[in-house]
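Let us take a friendly walk through this model, from single residues to the whole chain. Please keep the viewer open as you read.

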Amino acid sequence: MLTMWTQTVIKDSLSGKLIDYTKEYNQASTLAFFRIGFGLLMCYSIIRFWRKGWIEELYILPDFHFSYYGFEWVKPIGEYTYFIFIICFISSLLVTIGYKYRIAIITFFLSFTYIELMDKTTYLNHYYFISILSFLLIFLPLNATFSFDNLINKKNYSKVPRWTIDSIKLLVCIIYIYAGLAKLNTDWLLNAMPLKIWLTSKYDLPIIGETLLQKNWVHYLMSWGGMIYDLSIPFLLIYSRTRIFAFILVVFFHVFTLVLFPIGMFPHIMIFSSMIFFSSKFHSKTLNIIGKQFKSWAFKSVKQVEFFKIKNRRIVIGALSIFFIIQIIFPFRYNLYPGELFWHEQGYRFSWRVMLIEKVGYTNFKIKNPDDDASFIVDSSEYLTPFQLKQMSFQPDFILEFAHYLGEKYSTNEYSVEVYAESFVALNGRPSKRFIDPKINLFKEKESFKNKTWILPLEDEIKGI
């Protein structure tokens, strides 16, 4: 009886604290600062993508595109693909200035996610981060202050609910913590793999290339340091006394990785995202410096309102709760599949496993006529770009999808061909071994969430979380 009473008291206490928390407010300048920085980064990334010619190279020139399961209908639309990027750029610009913010951020989320889904070959963790972050921002009042929406509505809000800011912080924390947990494996910690492979190949870097990066102790130092960094940096950013030190670490870590590895916008995005943990005073001062002259005349006729009230607050909080539950659970879906995750990669994507594996492989396809047993080997380079060919060579869902493409191409009304894969893969410096069962007709295998039994086992255990 006492236990039940104690549980009831604790439950009521926690419920009360949660309700009180949802009623707390912080300065709106933090969300405005994040909106402007996020929008500018997205504008720059789209311009960068366009200038490098990647739209044509990755989406227009290839005849074949690898699709995500369930999103096979999302494809490039020829030369009109440029219009998707134009829409994405314009919407990110509108997000930056806070004009028609809700429509702008929804449009950005849809256009950017469409771009991400057009070809699975281009998957990167930070593309996924931008998609889910932009989805989260749909529900948050990033236009509460310092926006063109304030001028149109003639209202400027000084404070927003605290949870609207904390939700962005929580997403950043999830990414770092999950990236750190993923590094708790024997390949990373005990063998310094795959960093040992990558760092020794950087011998041409000035000063450090031929000296430090060839040292075995440096490989282990960076492996363990990366793990400790990922697991500790969220807490160092949250705690005010260690925040400046933490931000210096963030800048050093991401600039250093940018020098070592071609990882594009990821360092810039993570450095900026860490600034959400700064005090609202910093964000307010920064905005005042940016718009000192603008605010002096533009906001004179705007009514100053202290609190921004979220419409349908319970529904919004409920939706975001479901969103974060999914973000917390989804990365662990790999436990549903037997065997070594790094080998079969079922449940590997969208789980914040950043730069944990180095796989090299080759996969050739044999087309066989079941009627007369005649067969021939396909030259995959006739259908795939070098980048697609490289990714396909060691990823099983790529191999299956391309096998189906070849099967449909070479089948006729009279007969359906069989497609077999001759595939060998090396993982994290291990000797190359057969990857796909050569006796399985892949044209008969269907893509699904079920375990792919035609992937041969690694026969080597990588212990970890």
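Is W352 buried or exposed? W352 has a relative accessible area of 2%, so it is buried, where buried means under 20% relative accessible area, exposed over 50% and partly exposed in between, with a 1.4 Å probe and protein chains only.

A word on the source: this is a predicted model, in which local features need pLDDT of at least 70, side-chain atom pairs count only at pLDDT 80 or more, and totals for chains, interfaces and linings use all residues. Residues are numbered from 1 along each chain as its sequence is written, and side-chain values use heavy atoms, with hydrogens and water left out.

**Backbone and burial**

W352 sits in the loop between helix 17 and strand 4; helices (H or I, at least four residues) and strands (E, at least two) are DSSP runs numbered from the N terminus. Most residues other than glycine have a negative phi, and most peptide bonds are trans. W352, not a glycine, has a positive phi of about 60 degrees. E345 is not a glycine either, and its phi is positive, at about 60 degrees. E345 lies in the loop between helix 17 (341–344) and strand 4 (359–368). Setting aside neighbours within four places in sequence, E345 is in contact (heavy atoms within 4.5 Å) with E340, I357, K359, F394 and Q395.

The peptide bond from M193 to P194 is cis, with omega near 10 degrees. P194 belongs to the loop between helix 9 (186–189) and helix 10 (195–200).

Here are the accessibilities of some residues.

| Residue | Relative accessibility | State |
|---|---|---|
| S134 | 0% | buried |
| E345 | 13% | buried |
| K281 | 64% | exposed |

K281 is located in helix 14 (residues 280–290). K281 and W217 are 64 residues apart in sequence and, from C-alpha to C-alpha, 42 Å apart in space.

**Helix 5 and its partners**

Helix 5 covers residues 101–117, 17 residues in total, and its first and last C-alpha are 24 Å apart, close to the 24 Å expected at 1.5 Å a residue; that expected span is 1.5 Å times one less than the number of residues. The buried residues of helix 5 include Y101, A104, I105, F108, F109 and F112. Its buried residues pack against helix 2 (29–51), helix 3 (54–60), helix 4 (81–97), helix 6 (125–137) and helix 7 (148–153). S134 is part of helix 6, and it touches F38, I105, F108 and F109, not counting residues up to four places away in sequence.

Which residues of helix 4 meet helix 5? I84, F85, I87, C88, S91, S92, L94 and V95 of helix 4 meet Y101, A104, I105, T107, F108, S111, F112, Y114 and I115 of helix 5. The axes of the two helices, lines fitted to C-alpha atoms over the stretch in contact, come within 8 Å and cross at roughly 145 degrees, on a scale from 0 to 180 degrees between N-to-C directions.

**The whole chain**

The chain has 19 helices and seven strands. The C-alpha trace spans about 80 × 65 × 50 Å along its principal axes. Of the 465 residues, 49% are buried. Among contacts with a separation of 6 or more, 72% join residues 24 or more positions apart.
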